[in-house]
Amino acid sequence: MADYDGDGRLDLIAGSDCCQEGCFYVFRRLKDGGFAPRQRVKPVFPPEQFGRVETDVMRSRIAVADLNGDGKPDVLIGAEHWKTLGVVYGPLAGKDELTVQRMWPEGQEPFAPMVLSTNPVLADWDGDGLPDLILGASKYSSDSSGRLGVYWCRNVGTKREPKFGPPKLLVADNELVRTTGICVADWNGDGRPDLIASRTGSEVGREGKHTRRHHKVWVYLRRGR
């Protein structure tokens with residue numbers, strides 16, 4: 001939920017599954033509280049920045065917030081198994097196509113060589129007034145130093161020029177329990193942001209095979225600052 005079109009009302013934004021050409025969807029909130037029919041928005045990835053993007057199996061992951069402090073909503077675009085994020089700076093309203101630019105130059109992604117495993121989230125995690133980046137990441141290769149889990153990249157830039165520092169692990173996963181989606185909200189009303197995560201768990205059954213066991217939502221309450 002985010003004010004995608006800047007009209008002061010929260011809209012519903014949804015990523016795509018496979019076979020939907022890497023698009024995402026916007027359901028605009030109406031004055032009566034209902035939602036307009038979905039609007040399909042197609043991100044365009046310039047090949048000189050992204051190379052070849054296989055949008056037909058992309059599974060887009062979307063976050064909307066005012067990233068550069070100009071009062072207009074911006075959109076972060078990611079996908080499962082990507083090593084980078086794209087960004088489109090607003091205004092966004094009324095556009096069926098958005099030209100995406102890389103958040104970082106190639107090879108300078110703060111969480112490389114890990115890859116994205118869940119949706120990106122923009123939230124002020126440390127209370128300094130700047131939107132930070134929180135996302136799920138997984139190991140890209142067996143020799144990667146990264147771990148499965150949810151990471152926080154602190155915004156060490158300014159309101160007009162965001163810059164994200166190195167990732168810090170917030171919640172670790174393992175081979176049997178994995179985070180599949182995340183959001184940040186004040187769950188218990190204490191004024192501090194908390195982490196809410198959907199997670200899947202499995203157990204090792206007979207003959208060493210993994211057996212799917214549960215799908216749950218986990219709440220991690222923030223302690224201190």
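1. The lining of the second largest pocket splits into six nonpolar, four polar and eight charged residues. Here Ala, Val, Leu, Ile, Met, Phe, Trp, Tyr, Cys and Pro count as nonpolar, Asp, Glu, Lys and Arg as charged, and the others, Gly among them, as polar. Its volume is about 430 Å³. Of its 18 lining residues, Arg 52, Val 53, His 81, Trp 82 and Lys 83 lie nearest the centre. A pocket is an open set of points on a 1 Å grid over the protein atoms alone, where a 1.4 Å probe fits, with protein on both sides within 12 Å along at least five of seven lines; lining residues have an atom within 4 Å of a point. Volume is the space filled by probe spheres set on the points, which are joined across faces, edges and corners.

2. This is a predicted model: local features need pLDDT of at least 70, side-chain atom pairs count only at pLDDT 80 or more, and totals for chains, interfaces and linings use all residues. Residues are numbered from 1 along each chain as its sequence is written, and side-chain values use heavy atoms, without hydrogens and water.

3. The largest pocket holds about 510 Å³. Its lining has 17 nonpolar, four polar and three charged residues. Met 1, Ala 2, Ile 62, Ala 63 and Val 64 lie nearest its centre. Strand β4 gives the largest share of this lining, six residues. Strands (E, at least two residues) are DSSP runs numbered from the N terminus.

4. Beyond its neighbours within four places in sequence, Ile 77 is in contact (heavy atoms within 4.5 Å) with residues including Phe 24, Ile 62 and Trp 82.

How values were computed:
Helices (H or I, at least four residues) and strands (E, at least two) are DSSP runs, numbered from the N terminus.
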